[in-house]
Amino acid sequence: MTATDARKELAETGHPGGPIYFACFTRRGNTSLTDIERAFPPHKQWIADQEAAGRIVVAGPFLTDDLTWDGDGLVVFRLDSAADARRLADQDPMHAQGLRTFEIVPWQLNEGFFRVGLTFSNGAFEFT
């Protein structure tokens, strides 16, 4: 079933909810952080390309309790199926090179709040 079909079915049963996305939990496992850092530039370019194409809602690293990076992360895809999300995630250089594994989980956005600030005079951007 596609995300579009699922939303339609939910709406027909009185549970319209929000848009359906696909969360990609990406984990480095036993790969060294040094190897992850070496593959980081092509990974960042791949993320930027997917973002520009409108396929990514949000992406970023998970942090440890002391707020340092440990090599795992999350990408939330704006696609129509989990199969599409798996195919796209397979193309991430981190996954294609076997440096990280991933899991795709369908996710529906129902609640939340965020604020975006943009100051035109200096191009400042804030997301809270």
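**View 1. The largest nonpolar core and its most connected members.** Phe22, Cys24, Val75, Phe77, Leu79, Ala85 and Ile104 touch the most other members of the largest nonpolar core, which holds 16 residues. At least two core residues come from each of helix H1 (3-12), strand S1 (20-27), helix H3 (40-52), strand S3 (69-77) and helix H4 (82-91), and H4 supplies the largest share, four residues. A nonpolar core is a set of buried Ala, Val, Leu, Ile, Met, Phe, Trp, Tyr and Cys residues joined through side-chain atoms within 4.5 Å; buried means under 20% relative accessible area and exposed over 50%, with partly exposed in between (1.4 Å probe, protein chains only). Helices (H or I, at least four residues) and strands (E, at least two) are DSSP runs, numbered from the N terminus. The model is predicted: local features need pLDDT of at least 70 and side-chain atom pairs count only at pLDDT 80 or more, whereas totals for chains, interfaces and linings use all residues. Residues are numbered from 1 along each chain as its sequence is written, and side-chain values use heavy atoms, with hydrogens and water left out.

**View 2. Surroundings of Phe22.** Leaving aside residues up to four places away in sequence, Phe22 is in contact (heavy atoms within 4.5 Å) with residues including Ala3, Val75, Phe77, Leu79, Ala85, Ile104 and Pro106.

**View 3. Backbone at Leu67.** Leu67 lies in the loop between strand S2 (56-63) and S3. The phi of Leu67 is near 65 degrees, a positive value in a residue other than glycine. Most residues other than glycine have a negative phi. Leu67 is exposed, with a relative accessible area of 66%.
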